[in-house]
Amino acid sequence: MRLGTAVILMGSFVLTACGSETRDTAASSKTSEEVVAEAGKLEQPRAGQYETTTEIVEFNIPGLPAAQAEQMKSMMGNAARQSSSFCLTEEEAAKGFEDSIRKMTEGSDGMKCAFDKFDADGGKLDAAMTCQGPQGMNSEITLDGTAGAEASDMRMAMVQKGSMIPGGEMRMEMRMKSRRTGDCS
């Protein structure tokens, strides 16, 4: 996972449910270009080797039997607790966060997402997006934290609603930290 992706996506396995250009019905949504311009206010990541760790802070599916909910939380928690390492090349670092943002707005699995808010200031990021998809699936995602040239610390909260979810709703909060550990090997 690349630093830009790590910072903006905050756990790509969660946000892959999102994608597509801004929704036609959301007059207050920001376009990809507006979000890319705002992300340009963040410090450009420095090329090098990075380590990312993710922690599931909350995972809740109201209406799911307790044993099943605990099993799902355990599976997700075990996957998230694993650290990952990646090399951010000079070319990727020069692009900053543009590629990550564009990927989020290209579309995936029939979901259409739009940034309702994306504010970057002094290394701090505060963003919100909504996604609509097939079979009535809807997601509300917030992202906040800090992003610097060599490290990031982000919190993502997501509420997903849909008829295919037991009880109709899932809530998850994650925290992800990335840090530069040296030059690429």
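Student: What is the angle about the S-S bond in the link of Cys-87 and Cys-184?

Tutor: The angle is 100°, and the link of Cys-87 and Cys-184 is right-handed. This is a predicted model, in which local features need pLDDT of at least 70 and side-chain atom pairs count only at pLDDT 80 or more, while totals for chains, interfaces and linings use all residues. Residues are numbered from 1 along each chain as its sequence is written, and side-chain values use heavy atoms, without hydrogens and water.

Student: How many disulfides does the count come to?

Tutor: A disulfide is a pair of cysteine sulfur atoms within 2.5 Å; by this rule there are two. One joins Cys-87 to Cys-184, with 1.9 Å from S to S. Because Cys-87 lies in strand β2 and Cys-184 in the segment after β7 (169-182), this pair ties together parts that are 97 residues apart in sequence. The other joins Cys-113 to Cys-131, at 2.0 Å from S to S. Its link is also right-handed, with 110° about the S-S bond. Here Cys-113 in strand β3 and Cys-131 in strand β4 are 18 residues apart.

Student: Is Cys-113 buried or exposed?

Tutor: Relative accessible area decides: buried is under 20%, exposed over 50%, and partly exposed in between (1.4 Å probe, protein chains only). Cys-113 is buried at 2%, and Cys-131 is buried at 1%. Over the chain of 185 residues, 47% are buried.

Student: How many helices and strands does the secondary structure comprise?

Tutor: Both are DSSP runs numbered from the N terminus: helices are H or I, at least four residues, and strands are E, at least two. The chain has six helices and seven strands, in the pattern α-α-α-β-α-β-α-α-β-β-β-β-β along the sequence.

Student: In what order do the strands of the sheet lie?

Tutor: Strands of a sheet pair through backbone hydrogen bonds, either parallel or antiparallel. Pairing requires at least two bridges found by DSSP between two strands. This open sheet of seven strands runs β2-β1-β7-β6-β5-β4-β3, with antiparallel pairing. Its edge strands, β2 (84-88) and β3 (112-121), each pair on one side only.

Student: How many bridges join strand β4 to strand β5?

Tutor: Nine bridges join the antiparallel strands β4 (residues 124-132) and β5 (residues 138-147). Met-129, for example, has Ile-141 in β5 as its bridge partner.

Student: What share of contacts joins residues at least 24 apart?

Tutor: A contact means heavy atoms within 4.5 Å. Among contacts between residues at least 6 apart in sequence, 66% join residues at least 24 apart.
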